[in-house]
Amino acid sequence: MLYREAGQFKTSYQSDGQILPIRQDRIGLFTLLAIALVVVPLFASPYLLSAILIPFLIFALAALGLNILTGYAGQLSLGTAAFMAVGAYGAFNFVARIPGIPLLLAFVLGGLSAALVGIAFGLPSLRIRGFYLAAATLATQFFVIWCLTKIPYLTNYSASGVVTVQTMQIFGYAFVTPASKYLLVLAIVALMALLAKNMIRSNVGRSWMAIRDMDMAAEVIGFRPLRTKLLAFAVSSFYCGVAGALYAFAYLGTVEPEAYSLDLSFRILFMVIIGGVGSILGSFLGAAFIVLLPIFLNMLAHSLGIATNYASNLELMVFGGLIIFFLIVEPHGLARLWQIGKEKLRLWPFPH
């Protein structure tokens, strides 16, 4: 039986005298996940896996972390790359200094290290907001990079500050091929995205959205602003820290301060704006768009015979134009456009 509720079609079947609903979007999600797990590793080339799909998943996880803080809790942040750097260097040091530590535990501890830094720099959020809070989180970026370049212990006393990460091994299996790295990153990102989706639906997510919409009213009905905001900073920084660790171990193969520059923070912010603020799906759509757009522009510039220096400027202009377009025309980003497109296809060709 097919029926419609709250703007979404659902199917149901009879079992023991009860009608059990099944969302069609969940069926599509499981199908997509099965394709990503089975089909993509079999047919994708090593270049596609290493240069496109792995960074796409890592950036999607970082954008999801920022979206938790900015989209759901309403706290603007410009220090995403700094939290990623803390997670990367934390995971590297845990593996290097604790013999036999499981790799996944090192990733978790790196994320917890980033969460502690996020809590420390989230303390001003009770008194300031908006662009003033963005400036405070921007200080995180400069402070963390300064620590990574000035404290030799964090870089294992490397003169250049660039350190090669350890080989990823879990239960004796080494993840060295592009396909194995892709499957590991996909499993971690899918699990954390599922946790984030359930967290948003819980009382924690409702408290974040209440603080975002009107913090004074949220405090009146019983939500504690400081604890709620600090929890949002902690969870967001944890996600960014794990993404930073994956960025170092599964993609770059090194940890270096220049890899987590301010430019990376802005790129992740662009992913959230273009994909959709306050949307888990938007984090993935924005990451895919930002990863694929430079490749498309380079191919277009090469086919048109445009010089390399003009092509790089064209990329910056397109990014700026897209940010302005989505802020004015569709503030909810690609996620909203995707939802509108699905609704139109469901009713096409008979709108009534």
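What share of the contacts in the chain with a separation of 6 or more comes from residues 24 or more positions apart? The share is 73%, where contact means heavy atoms within 4.5 Å.

This is a predicted model, in which local features need pLDDT of at least 70 and side-chain atom pairs count only at pLDDT 80 or more, while totals for chains, interfaces and linings use all residues. Residues are numbered from 1 along each chain as its sequence is written, and side-chain values use heavy atoms, with hydrogens and water left out.

**Stop 1: the whole chain**

Show the chain as a cartoon. Its secondary structure comes to 13 helices and seven strands; helices (H or I, at least four residues) and strands (E, at least two) are DSSP runs, numbered from the N terminus. The radius of gyration is 21 Å, close to the 20 Å of the globule rule for 352 residues, so the chain is as compact as a globular protein of that length. That radius is taken over C-alpha atoms, and the rule is 2.2 Å times the number of residues to the power 0.38. Along its principal axes, the C-alpha trace spans about 70 × 55 × 50 Å.

Switch to a surface. The accessible surface comes to about 18,500 Å², and 70% of it belongs to carbon and sulfur atoms; areas come from the Shrake-Rupley method with a 1.4 Å probe, and for residues only the protein chains shown count as cover. Of the 352 residues, 43% are buried. Buried means under 20% relative accessible area, exposed over 50%, and partly exposed in between (1.4 Å probe, protein chains only).

Next, colour by charge. The chain has 21 positive and 12 negative charges, and their mean positions are 4 Å apart. Lys and Arg count as positive and Asp and Glu as negative, with His and the chain ends not counted; each charge is placed at NZ of Lys, CZ of Arg, CG of Asp or CD of Glu.

**Stop 2: the largest nonpolar core**

Select Met 84, Phe 107, Phe 249 and Tyr 260. Within the largest nonpolar core, which has 92 residues, these four touch the most other members. Helix 2 (residues 46-72) gives the most to this core, with 17 residues. Such a core is a set of buried Ala, Val, Leu, Ile, Met, Phe, Trp, Tyr and Cys residues joined through side-chain atoms within 4.5 Å.

Zoom in on Met 84. Beyond residues up to four places away in sequence, Met 84 touches a set that includes Ala 62, Cys 240, Tyr 247, Tyr 260, Leu 264 and Ile 268.

Move on to Ala 85, in helix 3 (residues 80-97). Ala 85 is buried, with a relative accessible area of 0%. Not counting residues up to four places away in sequence, Ala 85 touches Val 144, Leu 148 and Tyr 260. Draw a distance from Ala 85 to Ile 200, 115 residues apart along the chain: their C-alpha atoms are separated by 26 Å.

**Stop 3: helix 9**

Select Thr 228, which lies in helix 9 (residues 225-252). Is Thr 228 buried or exposed? Thr 228 is buried, at 8% relative accessible area. Apart from neighbours within four places in sequence, Thr 228 is in contact with Ser 207, Trp 208, Ile 211 and Phe 223.

**Stop 4: helix 11**

Select Pro 294, found in helix 11 (residues 280-304). Pro 294 is buried, with a relative accessible area of 15%. Residues up to four places away in sequence aside, Pro 294 touches Glu 315 and Phe 319. A C-alpha distance from Pro 294 to Ala 311, 17 residues apart along the chain, comes to 9.5 Å.

Leu 297 also lies in helix 11 and is buried, at 6% relative accessible area. Leaving aside neighbours within four places in sequence, its contacts are Glu 315 and Val 318. Leu 297 and Leu 104 are 193 residues apart in sequence and 37 Å apart in space, C-alpha to C-alpha.

**Stop 5: two loop residues**

Select Tyr 157, in the loop between helix 5 (131-150) and strand 4 (163-164). Tyr 157 has a positive phi of about 60 degrees although it is not a glycine. At 59% relative accessibility, Tyr 157 counts as exposed.

Finish at Phe 171, in the loop between strand 5 (169-170) and strand 6 (173-174). Phe 171 is not a glycine, yet has a positive phi of about 55 degrees. Its relative accessibility is 87%, which counts as exposed.
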